[in-house]
Amino acid sequence: MKRYVTEKSKALFQRTTPYLVDGVGSSFHRSRYREYPVAMTHGKGSKLYDVDGNEYIDYVLGFGPMILGYCPPAVDRAVAEQLRKGTHFSAPTQDLQRLAQRLTEIIPAAEQVMFQNSGTEVVMCALRLARAYTGKYKVVKFEGQYHGWSDEEKVSIDAASVEELGPRERPNKILHTKGQRLSSADDLIVLPWNDLEALERTLTEQEGEIAAVLMEPCMCDSGPILPLPGYLEGVRKSTRRHGVVLIFDEVITGFRLSLGGAQAYYGVTPDLATFAKAIAGGYPFGAVVGKREIMSCGVPASGTFNGNPVGVAAALATLEELSQPGVYQRFDRLGQLLEEGFRALGEKYHRKLYLRHMGSIFVLYFGYTEDVADFRDWLGHADVAAYERFVAGCEDYGVRFTDLRGREYLSTAHTEEDICRTLAVADQVLGEMAQEGA
């Protein structure tokens with residue numbers, strides 16, 4: 001198996017860094033395991049192509065948006081048609097009404113809708129709605145869960161060790177970037193996830209002060225970590241009993257676990273939910289949905305590009321494609337093939353591999369084989385170094401996995417042939433790791 005050469009990517013990075021901060025458009029575009037990012041020229045279906053002419057089977061998929069793969073014909077046609085009409089009107093359209101109605105039909109929590117343009121924005125909007133509705137300001141969030149890059153959102157999203165997280169009964173509030181205000185976390189209460197007792201105790205002790213509980217219904221950003229049996233149901237009962245707004249951050253899980261999101265997949269309906277990434281098949285777009293009484297409590301959906309016609313066209317086309325019969329059954333079949341293949345490779349190389357698939361999300365990590373309970377548990381078991389060595393090796397042979405997190409995405413464009421090629425590359429890399437003693 002031939003290892004890729006990426007010298008043109010290296011040269012492009014060297015030319016770019018004098019003009020662009022860190023040489024990339026987003027910090028997500030550069031991996032810790034490589035001195036320069038691989039630069040792409042184009043994508044088609046499940047594949048990406050770099051400036052050196054190499055082809056990659058891609059499971060990063062733009063960190064989630066490309067649920068239909070690259071250049072999906074239906075989305076391309078819808079966007080091209082809208083481009084001929086105009087890209088931005090600052091006015092309502094018939095398609096905007098159609099999209100809002102469609103979301104209320106497929107998402108259990110959606111009685112009304114607001115539009116924004118990114119995951120960070122929709123979470124900010126949901127928090128404002130919860131505070132306006134309840135007249136309270138404190139928000140419970142959970143260790144290791146990422147909800148965006150704003151000052152308030154980027155708190156306790158990661159840690160180098162369990163010790164850094166502090167005591168379980170009173171976790172530290174960790175800020176993650178220079179320039180972040182120290183007061184960012186003043187209204188946040190950080191708790192371990194999957195711990196109903198801790199949540200109920202907190203809601204009882206601070207009765208009348210907490211506006212919302214904000215959570216990923218399936219913890220996908222760090223880990224990933226699945227909800228324990230009964231946990232989501234317990235959170236729903238507890239928040240309802242204490243008059244606290246339950247917000248599901250479905251920026252990652254939305255439309256990937258099922259057409260109705262994780263809330264439909266798990267059968268637990270929140271008060272508010274946020275969607276972005278996959279909603280528009282690769283275009284910047286986002287939505288907040290929820291109960292009518294909360295959505296209409298007086299918070300305006302401000303923003304120049306909110307509900308822009310191009311994003312609306314892309315979202316309508318994406319949802320139409322995902323609504324076709326057999327889409328999620330096929331995701332499940334491909335995920336099962338990956339899971340079975342990696343399980344066999346783990347046995348072959350005597351590796352502890354964690355493998356799960358839910359809808360179009362596939363989970364792969366090193367260092368453990370069974371579900372972990374929370375972020376602390378994950379920190380104690382995960383073999384980050386082995387995972388990063390594996391991801392770097394796979395990229396060298398034409399398979400692109402998500403750096404660090406272990407969360408891989410499938411698209412409707414992925415094929416059984418892609419899975420077979422992926423497992424062959426994984427076999428090659430795991431064999432090299434075994435020889436290295438890595």
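Which side chain meets that of Arg389 in a salt bridge? The side chain of Glu436 does, with an N to O distance of 2.8 Å.

## Basis of the report

This is a predicted model, in which local features need pLDDT of at least 70 and side-chain atom pairs count only at pLDDT 80 or more, while totals for chains, interfaces and linings use all residues. Residues are numbered from 1 along each chain as its sequence is written, and side-chain values use heavy atoms, with hydrogens and water left out.

## Overall form

The protein chain has 14 helices and 14 strands. Both are DSSP runs numbered from the N terminus: helices are H or I with at least four residues, and strands are E with at least two. The C-alpha trace spans about 60 × 55 × 50 Å along its principal axes. For 438 residues, a compact globule would have a radius of gyration near 22 Å, and the 22 Å of the protein chain agrees with that. The radius is taken over C-alpha atoms, and the globule rule is 2.2 Å times the number of residues to the power 0.38.

Of the 438 residues, 57% are buried. Buried means under 20% relative accessible area, exposed means over 50%, and partly exposed lies in between (1.4 Å probe, protein chains only). The accessible surface of the protein chain comes to about 18500 Å², and carbon and sulfur atoms account for 51% of it. Such areas come from the Shrake-Rupley method with a 1.4 Å probe; for residues, only the protein chains shown count as cover. Among contacts between residues at least 6 apart in sequence, 70% join residues at least 24 apart. A contact means heavy atoms within 4.5 Å.

## Charges and salt bridges

The protein chain carries 48 positive and 58 negative side chains, and the centres of the two sets lie 3 Å apart. Lys and Arg count as positive and Asp and Glu as negative, while His and the chain ends are not counted. Each charge is placed at NZ of Lys, CZ of Arg, CG of Asp or CD of Glu.

Side chains of opposite charge can pair when their charged atoms come close. A salt bridge is counted when a side-chain nitrogen of Lys or Arg is within 4 Å of a carboxyl oxygen of Asp or Glu. By this rule there are 26 salt bridges.

Asp396 and Arg3 form another salt bridge, with their closest N and O atoms 3.1 Å apart. Asp396 is in helix α13 (residues 384-396) and Arg3 is in the segment before α1 (7-16), so the pair links parts of the chain 393 residues apart. Asp396 counts as buried at 18% relative accessibility, whereas Arg3 counts as partly exposed at 39%. A network of salt bridges links Arg3, Arg34, Arg389, Glu395, Asp396, Glu432 and Glu436.

Asp427 pairs with Lys348 in a salt bridge, the closest N and O atoms being 3.1 Å apart. This pair connects helix α14 (residues 416-436), which holds Asp427, with helix α11 (residues 327-348), which holds Lys348, and the two residues are 79 apart. Asp427 is partly exposed at 23% relative accessibility, and Lys348 is partly exposed at 47%.

## Two further helix positions

Glu388 is in helix α13 and counts as buried at 13% relative accessibility. Leaving aside residues up to four places away in sequence, Glu388 touches Arg32, Tyr33, Asp403 and Leu404.

Gln329 lies in helix α11 and is exposed, with a relative accessibility of 54%.

## Positive phi in one loop

Phe63 lies in the loop between β3 (55-58) and α2 (73-85). Although Phe63 is not a glycine, its phi is positive, at about 60°. At 15% relative accessibility, Phe63 counts as buried.

Cys71 is found in the loop between β3 and α2. Its phi is near 55°, a positive value in a residue other than glycine. Cys71 is partly exposed, with a relative accessible area of 35%.
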